[in-house]
Structure formats: structure tokens, C-alpha cells
Amino acid sequence: METLESYLAEHPFLKDLPPRHRKLIVGCASNVRFDAGTYIFREGEEADRFFLVRHGRVALEIFAPGRGPFTIQTLREGEILGWSWLIPPFHWHFDARAVDLVRAIALDGKCLRGKCDEDHELGYEILKRFSHVMEENLKATRLQLLDVYGDRR
Amino acid sequence: MVIDGREENERELAAVGLTVPRPFEVRAYAKETYDTFTLDLVPADGGPVSFLPGQFNMLYVFGVGEAPISVSGDPAKPDRLVHTIRAVGAVTRALGRLRRGDAIGVRGPFGAGWPVADAEGHDLVIAAGGIGLAPLRPAVYWALAHRPAYGRVVVLYGARTPEDILYPRELERWRSRFDLEVEVTVDRAGTGWLGNVGVVTTLIGRAPFDPRRTVAMICGPEVMMRFTAMEFQKRGVPSPNIHLSMERNMKCGVGLCGHCQWGPHFICRDGPVFALDRIAGLLGKREI
């Protein structure tokens with residue numbers, strides 16, 4: 001039977017994380033599932049955890065009054081959802097909605113911040129991995145801003 | 001009598017229909033997106049047509065002018081030419097006004113195409129953005145017609161919005177095949193869209209292919225191709241195996257006029273498809 005620790009070991013975000021660190025964070029982890037159409041979190045709510053997506057797709061949405069909700073990014077298996085748990089004041093900036101059935105591992109933000117404060121090597125590992133995700137997102141956002149596909153209608 | 005080398009060369013080209021337009025007739029017009037349409041052309045003389053995936057023709061609207069347009073049809077159908085065109089200038093807008101039965105001049109096919117034969121034995125990853133799917137569609141047809149010759153065949157496609165997706169029904173058909181991986185993403189969408197949202201480069205990291213034995217073919221806006229090529233390199237695809245279709249101001253189509261010169265290359269003759277290692281120093285260079 002697969003355990004939480006083995007799920008953590010398999011997820012690309014935590015790939016090659018030393019077993020010692022994996023054992024440290026497994027206590028902050030729990031299995032979660034969201035049915036299609038349900039909101040995983042909402043803009044403005046407390047960002048108290050983040051998610052390693054194991055199955056399904058998550059739409060990150062932003063609501064513009066008068067224009068309705070827009071999907072700005074889709075996340076799927078192997079990707080991570082949320083980094084606001086890492087940055088004060090720990091509130092979500094977008095809505096996250098399960099597009100289809102989503103299975104994920106939730107990591108408790110307060111618990112993980114505590115472990116990172118106690119063990120700076122773990123903190124550095126986690127921050128390195130989040131920096132990479134942020135850099136990839138920043139690059140993608142810049143390309144989106146370029147609107148490379150020609151003149152707007 | 002040999003007058004001089006250049007004149008002789010021009011005569012040879014004229015003889016095979018490369019400098020003199022060949023009359024064609026519009027057999028069908030189809031609107032694809034708000035600014036993009038497809039023309040189905042048949043030769044007025046009833047003769048065959050031939051082209052390689054990735055090649056382009058100069059389409060001549062009589063009294064208006066010529067525009068270089070990649071062939072987007074099936075190379076296995078020698079009775080017609082299919083061109084998907086985005087209306088962005090005087091000639092392409094005039095092309096968009098043509099309807100069934102109208103006459104048009106065609107010169108070509110020109111240029112070096114996608115290395116579909118050299119890619120045999122490899123995984124084939126086709127990455128397209130916007131109307132860049134049109135020049136790559138013949139390569140997909142080719143790969144499907146010669147499917148056992150390739151490893152995995154993957155099509156990655158990005159568009160601005162769901163309404164801008166080119167050939168949506170064909171993409172759906174391809175996606176339903178068991179021997180083809182198709183991923184589509186859009187830059188932005190309303191919540192009614194259940195597919196991917198994000199730029200096309202984000203599809204490369206999770207696409208199923210073996211980078212050491214992959215040939216990548218990329219077509220789209222130049223900036224999209226640059227970043228897409230970088231992602232393929234990051235995955236470990238060797239530069240000589242990454243191919244891009246460049247566009248410049250092609251005029252004569254045969255490397256004589258110099259309008260499309262790009263560093264040491266004439267795109268109409270040496271391209272439009274180039275391996276990344278041949279052009280890496282030129283990509284993103286503002287001065288040329």
C-alpha cells in the first residue's frame with residue numbers, strides 16, 4: 001500500500017529530497033480530494049496550506065467585476081498549487097477550482113514553516129524548489145503578457 | 001546559347017514555373033477564426049501539384065500582389081493546394097475576398113521543409129502557436145501516413161483564446177487517436193473552457209518524449225519559437241534536432257532578390273525551416 005511518504009517521494013516537486021527531510025515534512029501532509037467544480041480555496045482566505053497535485057486539473061481564476069471570472073492558469077498532475085502560505089500576510093490571491101476530480105497532498109503551511117525555521121537546510125531546499133516554480137510562472141506570465149499571437153480583436 | 005549564368009538560371013526557373021505564376025482556381029473557401037481562412041486551390045491546367053511539408057508558395061492575387069503562404073494541406077493529395085491564411089495586409093485581405101471559382105496565380109513550392117524523413121526512428125514533437133499550426137499540419141499528416149516509422153508523435157498547440165484555436169475539429173480527431181498525443185492550451189479563457197490555460201511552452205516539460213531521440217518542429221510567432229526552443233533544450237533535445245520555421249519578407253522565392261536575407265541565409269531558399277544550431281546566433285538579434 002502506498003503511504004503518504006511514498007507519494008511525497010514520487011511527486012516531481014519533492015523529487016530527490018533527502019529522506020531525512022521527507023520524514024520531517026510527512027507530519028505536515030494529508031491526503032485530500034476535491035470533486036469537479038468545487039473551490040479548493042478562494043481569494044482573500046487564509047493561505048494555510050499548499051497542494052501537490054497527484055491527479056486532475058485545477059483552474060486558477062480571477063474575478064473581474066462586470067467581466068466575470070477568468071482562468072489564468074491550469075495546474076495538473078505533478079505540479080504544485082499555492083505559495084501564499086510562504087509569504088506574509090498568508091492570504092490567497094486567486095480562486096482555485098477543481099476542473100475535474102482532483103486528488104492531492106495538502107501540506108500544512110504553519111507546520112511546514114515551523115519545520116523550516118527549525119531546520120534551515122530543509123527551509124533552503126523548500127525555498128529553492130518554490131523559487132524554481134515562481135521563475136517558471138514568471139516566465140510564462142511574461143509570455144502571456146506579450147500576447148504573441150498578433151493583433152487583438 | 002548561354003548568355004550569362006544568371007539569365008540561364010532565371011530561364012530554368014521560369015521553365016519549371018517558379019518565376020511565372022501558374023493559374024489555379026479557388027475550389028473552396030472556409031473561415032477558420034475571426035481573421036483566418038483556408039483556401040482550397042486546384043490547378044487550372046488539371047495537372048498535379050507537389051510539395052514537401054514546410055514548403056511555401058507565393059500566392060498572387062491578380063492586380064493586387066503576391067504573398068508567401070505555407071502549404072497547410074496533405075502532401076499525399078496531389079490534386080490540390082491548401083493554404084491557411086491570416087488577413088494582415090493588402091494581399092492577404094484580398095485573398096480573403098476570393099471565393100469558389102475565382103482565379104489566382106501560384107508560384108512554388110519554395111524552400112526547405114520539415115525534416116520528416118530524417119526524423120524517422122525518433123520521437124516527433126510538433127509545437128505550434130497560433131497560425132503556426134498551418135505550416136506544421138502537413139508534417140502531422142505525413143507522420144500519420146508513415147506512423148510506424150516514428151516513435152511517439154506529440155502535437156503541442158497554443159492559441160490566444162479558445163475561439164482562436166485553428167482546426168479545432170481536426171485537433172479533436174487527432175486527440176482521439178491512440179498513437180498520437182495532443183495537448184492544447186490557451187493564454188486566457190473564461191471559466192467555460194475546461195482545457196489547459198497557460199502558454200504553450202508550459203506543455204513541453206510534461207510532454208511524453210525521450211529528449212535524446214526526439215526531433216522537435218516549432219512554428220509560431222518568433223518570440224514563441226525562441227522560448228519554445230529553449231524549453232526543448234532544457235529538456236535535453238540536441239540543438240540540431242530542433243527545427244524552426246522562420247518568416248521574413250519573402251519576395252522572389254528563389255534567393256535572387258535578397259528581401260528575405262537573414263544574416264548569411266536567404267530564408268526563401270535556405271529555409272524557411274532551419275535547425276536551431278544553424279541559426280542560434282541570429283535568433284533574437286534585433287539588428288537583422
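I began with B:M217 and found that its bridge partner in strand 13 of chain B is B:H243. Strands here are DSSP runs of E with at least two residues, helices are runs of H or I with at least four residues, and both are numbered from the N terminus.

The model is predicted: local features need pLDDT of at least 70 and side-chain atom pairs count only at pLDDT 80 or more, while totals for chains, interfaces and linings use all residues. Residues are numbered from 1 along each chain as its sequence is written, and chains are lettered from A, and ligands numbered from 1, in the order in which they are written.

**Sheet of chain B.** I looked up the strands around that bridge. Strand 12 (residues 214-219) and strand 13 (residues 242-245) of chain B run parallel and are joined by 3 bridges. I take two strands as paired if DSSP finds at least two bridges between them. Both belong to an open, mixed sheet of 7 strands in chain B, ordered 11-9-8-7-12-13-16. Strand 11 (196-197) and strand 16 (273-275) of chain B are its edges, each pairing on one side only.

**Helix 3 of chain B.** I then checked what lies across these strands. Helix 3 (residues 133-145) of chain B lies across strand 7 (123-129), strand 8 (153-159), strand 12 and strand 13 of chain B, and runs at about 155 degrees to strand 7. Axes are lines fitted to C-alpha atoms, for helices over the stretch in contact, and angles run from 0 to 180 degrees between N-to-C directions.

**Domains of chain B.** I noted domain 1 (19-110) and domain 2 (123-245) in chain B, with bounds from an automatic or database domain assignment. Their centres, taken over C-alpha atoms, are 24 Å apart. I counted 14 residues of domain 1 in contact with 13 residues of domain 2; contact requires C-beta atoms, placed from the backbone, within 7 Å. On the domain 1 side, strand 1 (22-33) and strand 5 (81-86) of chain B give two or more residues each.

**Chain A against chain B.** I turned to the contact between the chains, which takes 20 residues from chain A and 24 residues from chain B. On the chain A side, strand 4 (57-64), strand 5 (68-76) and helix 4 (120-146) give two or more residues. Strand 5 of chain A gives the most, with 7 residues. I also found 2 bridges joining strand 5 of chain A to strand 10 (residues 189-190) of chain B, the two running antiparallel. A:F70 has B:G190 of strand 10 as its bridge partner.

Conventions. Contact = placed C-beta atoms within 7 Å.
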